[in-house]
Amino acid sequence: MTNTEIRRFHLDIPQAQLDDLDARLANTRWPEAAPGDDWKYGTANGYLKELAEYWRTSYDWRAAEAELNTYPGYVTEIDGQNIHFLHVRSTRADATPLLLVHGWPGSIVEFFDAIPLLTEPADDQPAFHVVIPSLPGFGLSGPTREAGWTSGRAASAFTVLMERLGYERYGVQGGDWGAFVVVEMGKIAPDNVTGVHVNAATFGFIPFGEVGEEEAATLTDSERACLARLREYMAEGNGYFQIQSTRPQTVAFGLTDSPVGLLGWIVDKFREWTGPRGGEGLPEDAVSRDRMLTDVMLYWLTDTAASSARIYYEAVHTASWDFKPGTVPTGVAVFAQDVAIRRYAEGGHNIVRWTEFDRGGHFAAMEVPELLVGDVREFFAALDA
């Protein structure tokens with residue numbers, strides 16, 4: 001029988017784990033640099049050596065741990081899986097419950113800068129009670145122990161979570177895999193979910209094949225730019241997807257045994273997917289080193305590199321996709337590195353708001369939290385009007 005108890009969670013990583021990490025970083029066996037060491041072949045040696053040394057000698061995990069513990073944390077069991085979540089209630093009596101869901105290689109850390117903007121706005125802007133779960137198999141939810149944890153199964157678990165917290169009507173927001181999850185929640189519980197807001201949206205919103213010549217002639221400049229980014233991604237940027245959707249356990253050995261291996265795997269995505277310059281400059285041009293490293297730490301310390309990668313495998317190998325059109329009002333925020341095209345989204349989603357930004361990227365809640373929060377506020381305010 002499932003234990004429905006909700007328990008407080010306080011993070012206190014044993015010092016032995018941090019000492020082990022320090023030793024592994026100090027004894028890294030580095031590969032030869034690729035010709036030019038300029039990111040063309042993947043994460044650059046010179047950059048990663050410098051970042052790994054910063055991680056070992058300057059990054060302060062205890063400060064990050066203390067920040068995380070400032071937010072009320074909890075765990076509960078749903079569908080046989082531990083689910084960790086933050087639950088930060090606003091002081092405003094009229095606040096709207098809002099579930100926020102991260103993706104890969106993200107974590108609850110993505111929302112740290114957005115939490116105060118959502119819960120305690122400085123003026124009469126809408127306020128929210130926020131619930132921020134760690135996806136099953138990710139971070140503080142711990143590894144999944146069985147097959148079948150798709151985004152749809154996570155969506156079912158999170159509808160149970162919101163019911164368990166006493167929220168009958170609530171909004172949902174997510175990016176990357178979080179966008180898949182919250183869309184599924186709208187289909188599973190349309191009487192409970194008042195609105196679905198997504199960013200970093202790639203699910204069914206764009207044609208993964210080529211656009212015909214006649215149709216291409218009708219595309220706007222913005223749509224052409226999105227399609228160009230998609231083609232570049234399919235040609236040069238989706239190797240991680242192919243690996244994690246076909247052989248996640250093979251790559252998991254390196255990601256679990258080597259902190260530098262995990263760092264290089266994740267930091268590559270922070271460089272490629274942040275905007276608007278994506279693929280140029282350095283990752284910390286968009287997201288601070290400490291925030292990136294805290295995100296990586298939540299994978300390393302919880303041993304979830306393997307189980308988080310399996311969400312890709314489950315998606316590709318499980319016939320669990322629900323392609324029926326969604327009926328819940330949906331808002332889409334398109335940031336500078338996103339590839340969503342509205343005309344391809346209309347058939348499967350009840351889109352009532354579509355906003356395009358020339359700043360920010362895939363990790364919008366970390367890069368431009370004020371823009372993402374502003375769009376979320378306006379979307380839900382319009383639903384209540």
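**Ground rules**

I number residues from 1 along each chain as its sequence is written. Because the model is predicted, I take local features at pLDDT of at least 70 and side-chain atom pairs at pLDDT 80 or more, while totals for chains, interfaces and linings use all residues, and side-chain values use heavy atoms, with hydrogens and water left out.

**Entry 1: α3 against α12**

I looked up how helix α3 (residues 61-69) sits on helix α12 (residues 289-300), and found an angle of about 80 degrees with the axes 11 Å apart. Helices here are DSSP runs of H or I with at least four residues, numbered from the N terminus. Axes are lines fitted to C-alpha atoms over the stretch in contact, and angles run from 0 to 180 degrees between N-to-C directions. The pair is therefore roughly perpendicular, a label that covers 65 to 115 degrees.

I then listed the touching residues, contact being heavy atoms within 4.5 Å. From α3 I have W61, A64, E67 and L68, and they meet R291, T294, M297 and L298 of α12. By class I noted five nonpolar, one polar and two charged residues in this contact. Nonpolar stands for Ala, Val, Leu, Ile, Met, Phe, Trp, Tyr, Cys and Pro, charged for Asp, Glu, Lys and Arg, and polar for the others, Gly among them.

**Entry 2: α9 against α13**

I repeated this for helix α9 (residues 239-246) and helix α13 (residues 305-317), whose axes are 6 Å apart at an angle of about 75 degrees. That makes α9 roughly perpendicular to α13. On the α9 side I see Y240, F241, Q244, S245 and T246, which meet A309, Y312, Y313, V316 and H317 of α13. The classes in this contact are six nonpolar, four polar and no charged residues.

**Entry 3: salt bridges**

I find 21 salt bridges in the structure, each a side-chain nitrogen of Lys or Arg within 4 Å of a carboxyl oxygen of Asp or Glu. I looked at three of them.

R56 pairs with E53, with the closest N and O atoms 3.2 Å apart. The two are three residues apart in helix α2 (residues 45-57), which means about one helical turn between them. R56 is partly exposed at 30% relative accessible area, and E53 is partly exposed at 38%. I use buried for under 20% relative accessible area, exposed for over 50% and partly exposed for in between (1.4 Å probe, protein chains only).

R62 and E65 form a salt bridge at 2.9 Å, N to O. They are also three residues apart, in helix α3, and so about one helical turn separates them. Here R62 is partly exposed at 30%, but E65 is buried at 6%.

R342 bridges to E346, the closest N and O atoms being 2.5 Å apart. R342 is partly exposed at 31%, and E346 is partly exposed at 35%. I also noted that shared partners join D12, R62 and E65 into one salt-bridge network.

**Entry 4: nonpolar cores**

I counted as a core any set of buried Ala, Val, Leu, Ile, Met, Phe, Trp, Tyr and Cys residues joined through side-chain atoms within 4.5 Å. The largest has 109 residues, of which W55, W61, L118, F158, M185 and L263 touch the most other members. For L118, leaving aside neighbours within four places in sequence, I list contacts with L98, L100, P126, A127, F128, V130, V373 and V376. A second, separate core of five residues includes V211, L219, L227 and V339.

Terms used
Angles under 35 degrees count as roughly parallel, over 145 as roughly antiparallel, 65 to 115 as roughly perpendicular and the rest as oblique.
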